Amino acid sequence: MATTVITGRDVTFTIGGNNFDAQATSAVLSNSPTMVRYQTLDGVVNRHIDDEFTFAVEMLADWGASPSLCETLWGVTESAPNTGITTVLTAATGAVFTFSVLPVYPSAGGSAPDAQTVSMSFVVIGTPAENFS
């Protein structure tokens, strides 16, 4: 069986009706399931009881740009930290995940002479919706 190499991907954040197509260098949606194990009289039973999704993004910093995702995230985290941000992750053509994340403060600064980068880990609200077409 031939190996499939997936190269297409994109991420868009929608904040206050504005779309930010971040200068992302990495975007990873992952799940940490909560599992419990019960010892019953009939034997061991494993149950999946919950999911906790996170969305990790690394991007080139855009402080000072107009509009700036970093500055917008900073402002919305300060003013509305419990308000979801609509996010769309395209993993490949035909594989799109839509979900909301809670805002986080982006980092600022970096080492010379490298480009400034921002690493953020968002908590996903609920379970992402998927579209595999």
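Modeller: Begin with one residue and its accessible area. This is a predicted model, and in it F53 has a relative accessible area of 14%, so F53 counts as buried, the cut-off being under 20%. The residue sits in strand β4.

Biologist: Which residues does F53 touch, leaving out those up to four places away in sequence?

Modeller: The contacts of F53 are L29, S30, N31, F122, V123, V124, G126, T127 and P128.

Biologist: What is the general idea behind a nonpolar core?

Modeller: In soluble globular proteins, nonpolar side chains tend to be buried together. Here the largest nonpolar core has 22 residues, and F13, F55, L73 and F122 have the most contacts inside it. Two or more residues of this core come from each of β1 (10-15), β4 (43-60), α1 (69-79), β5 (85-92), β6 (95-101) and β7 (117-132).

Biologist: Which residues are in contact with L73, if those up to four places away in sequence are not counted?

Modeller: L73 touches I15, I85, V104, P106, M120 and F122. F122 is also on the contact list of F53.

Biologist: Is T77 buried or exposed?

Modeller: T77 is in helix α1. Its relative accessibility is 8%, so T77 is buried under the 20% cut-off. Beyond its neighbours within four places in sequence, T77 is in contact with P103, V104 and Y105.

Biologist: And how should I read Y105?

Modeller: Y105 belongs to the loop between β6 and β7. With a relative accessible area of 42%, Y105 is partly exposed, because that value falls between the 20% and 50% cut-offs. Together with W63 and W74, Y105 forms a nonpolar patch on the surface, and the three have about 300 Å² of accessible area together.

Biologist: What do I look for in the backbone?

Modeller: Look at omega. Most residues other than glycine have a negative phi, and most peptide bonds are trans. In this model a cis peptide bond joins S66 and P67, with omega about 0°; P67 is in the loop between β4 and α1. The bond from A112 to P113 is cis too, with omega near -5°, and P113 lies in the loop between β6 and β7.

Biologist: How do I judge the overall dimensions?

Modeller: Compare the radius of gyration with that of a compact globule. For 133 residues the globule would have a value near 14 Å, but this protein has 18 Å. The C-alpha atoms fill a box of roughly 65 × 45 × 35 Å along the principal axes.

Biologist: What percentage of the residues counts as buried?

Modeller: Of the 133 residues, 25% are buried.

Methods:
Residues numbered from 1 in each chain as written. Predicted model: local features only at pLDDT ≥ 70, side-chain atom pairs only at ≥ 80, totals over all residues. Heavy atoms only, no water. Core = buried A, V, L, I, M, F, W, Y, C linked by side-chain atoms within 4.5 Å. Buried < 20%, exposed > 50% of the residue type's maximum accessible area, 1.4 Å probe, protein only. Helix = DSSP H or I, 4+ residues; strand = E, 2+ residues; numbered from the N terminus. Contact = heavy atoms within 4.5 Å. Rg over C-alpha atoms; globule rule 2.2 N^0.38 Å. Patch = residues over 30% accessible without salt bridge, like charges linked within 9 Å, V, L, I, M, F, W, Y side chains within 5 Å. Areas by Shrake-Rupley, 256 points an atom, 1.4 Å probe, with all protein chains shown as cover. Salt bridge = Lys/Arg side-chain N within 4 Å of Asp/Glu carboxyl O.
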